[in-house]
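Reader: Hi! I'm new to reading protein structures. Could you walk me through this one?

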Amino acid sequence: MNTTNPSKPKYSSTLAIAFFVTATLTALSNSLIADEPALMASIVAGQPAPASSDTRYGLFGLLDHRSAYGQGAFPEPFLVDDTDLEVNEIRLDWTHTEAHNEHNDAIKAEIEKGFGPVTLEIEAPYEIDRTASPKHTTDGFDNIDLGARSPFYQYVSENKFIDTTFGVGIEVGIPTYSSLSEDFEIVPKIFNDSRVGDHFTLQSLAGYSILSGHGDEGGLESFEYGFVFGYTIPHKQLPLPNVLQLVPVFELSGETQLNNGDPGHNILTGNAAVRVNLKPIGTVQPRLGVGYIFPIDNGAREEMHWGVITSLVFEY
C-alpha cells in the first residue's frame, strides 16, 4: 500500500522550481559582475580599451550601461512588488483596510540587498484581523517571503528618451503555521520597468502563484499582475525644504483565480499615493510614502471598502 502523503510531490516541485530559478539568477549575476571589469582587464593585458560608444554589457550584451534601472529613477511601489534594483534598502509598511464590520491591519518589514544586477529580498508580514460583530480577533505572521529578481534585457534610445528594462524574478513564501499561514507559495514573475523622458515611469509585473499545503487554499493557482505609474518632480521644479523628489504614484494591483471553486474570479485594487524622497542624512536616504487604497471591481469590493498605507524606506 502506498501511504505517501499526496502533498509531498507539490512541496518537492515547489522547492525544485525555486532552487532552479535562484541558481539561474545567481549564474546570471556572476556573468554580469564578471563583465564589469572588462575595461580594466583590457588595460592590464595591454590591449586597446573598448570604444566608449559601446554601452552594452552582461550576458550576450543584452544590458545597457546607460539605463536608469537601479539608479533611483523608479519609485518604490506600495501594493505591487518592487522590481527595481535595490542595493541596500530597509523598509517598513503599515496597511489598514476596512470592509463591512471587518478591520485589517498589516505591518511588513523588508530587507533588500543587491549583488551586481540581482536583488535578493526577505519580507516578514504580521497581520491583525478584527471582526466587530461577532467580536473576534485573529492575528499572526503571514508567510515569510524570500525573493530574487534580475534584468535580462535593456533598451535605451540614443537620446535616452526611451529607457526600458525587462527582467525575471521568483518569490517563495514559507508558511509560519500561524492561523494566517499554512501553505507554501511560489510565484515566478516577469517584469518591465520603463521610463519615458525625465519624469514619467511605468513599472509592470506579472506572476503565476501556486499554493501548496494542507490549508484551505492549498492547490490554488492564481495570475497576479500590477502596474505602477509614477511622475517624478525634482527639487529644482518644486523646491520643498529637504525634499529631493516628490513622486505622485498610481497603482493597479490585481489577482485572478485560475482553478478550484471560482476560476476567473478577479480582485482589482487601486492606490493613489505619493512618495517623498528626502535629502540624505549622512549615508542614509529616507523615503516616505502614503497612499489611499480603494476597490475597483466587485471582487475587490467584497474584500474591502477603503484603506490607507504608509511606507518608510531607508536606502543606505
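Author: Happy to! Let's begin with a term: a salt bridge is a side-chain nitrogen of Lys or Arg within 4 Å of a carboxyl oxygen of Asp or Glu. Keep in mind that this is a predicted model.

Reader: Okay, how many salt bridges does the structure hold?

Author: There are eleven salt bridges. One of them joins D82 and R149, with the closest N and O atoms 3.7 Å apart. This pair links distant parts of the chain: D82 sits in the loop between β2 and β3, and R149 in strand β7, 67 residues apart.

Reader: Are D82 and R149 buried or exposed?

Author: D82 is buried, because its relative accessible area is 9%. R149 counts as buried too, at 4% relative accessibility.

Reader: Which residues are in a network with D82?

Author: D82, E112, E121 and R149 are linked in a network of salt bridges.

Reader: What about E76, which partner does it have?

Author: E76 forms a salt bridge with R287, and their closest N and O atoms are 2.6 Å apart. Here too distant parts of the chain are linked: E76 is in the loop between β2 and β3 (88-99), while R287 belongs to strand β15, 211 residues apart. E76 is buried, with a relative accessible area of 1%, and R287 counts as buried at 5%.

Reader: And R130, where is its partner?

Author: R130 and D105 meet through their side chains in a salt bridge, 2.9 Å from N to O. R130 is in strand β5 and D105 in strand β4, 25 residues apart. R130 is partly exposed, with a relative accessible area of 36%, whereas D105 is buried at 12%.

Reader: New topic: strands! How do β13 and β14 pair?

Author: β13 and β14 pair in the antiparallel sense over 13 bridges. Within that pairing, V249 stands opposite A273 in β14. β14 also runs antiparallel to strand β15 (residues 285-295), and nine bridges join them. There, V276 has L288 in β15 as its bridge partner.

Reader: What do β14 and β15 form?

Author: A hairpin, with six residues between the two strands. In the turn, G282 has a positive phi of about 70°.

Reader: What about the peptide bond from S133 to P134, cis or trans?

Author: Cis, with omega near -5°. P134 is in the loop between β5 (118-131) and β6 (136-141).

Reader: Last one: where is there a patch of negative charge?

Author: On the surface, where E102, E182, D216, E217, E255, D262, E302 and E303 gather. One of these, E102, is found in strand β4 (residues 102-115). E102 counts as partly exposed, because its relative accessibility is 43%.

How values were computed: Residues are numbered from 1 along each chain as its sequence is written. This is a predicted model: local features need pLDDT of at least 70, side-chain atom pairs count only at pLDDT 80 or more; totals for chains, interfaces and linings use all residues. Side-chain values use heavy atoms; hydrogens and water are left out. Patches are made of residues with over 30% relative accessible area and no salt bridge: like charges are joined within 9 Å, nonpolar side chains (Val, Leu, Ile, Met, Phe, Trp, Tyr) within 5 Å. Accessible areas come from the Shrake-Rupley method with a 1.4 Å probe; for residues, only the protein chains shown count as cover. Lys and Arg count as positive and Asp and Glu as negative; His and the chain ends are not counted. The place of a charge is taken as NZ of Lys, CZ of Arg, CG of Asp or CD of Glu. Helices (H or I, at least four residues) and strands (E, at least two) are DSSP runs, numbered from the N terminus. Buried means under 20% relative accessible area, exposed over 50%, partly exposed in between (1.4 Å probe, protein chains only). Two strands pair if DSSP finds at least two bridges between them.
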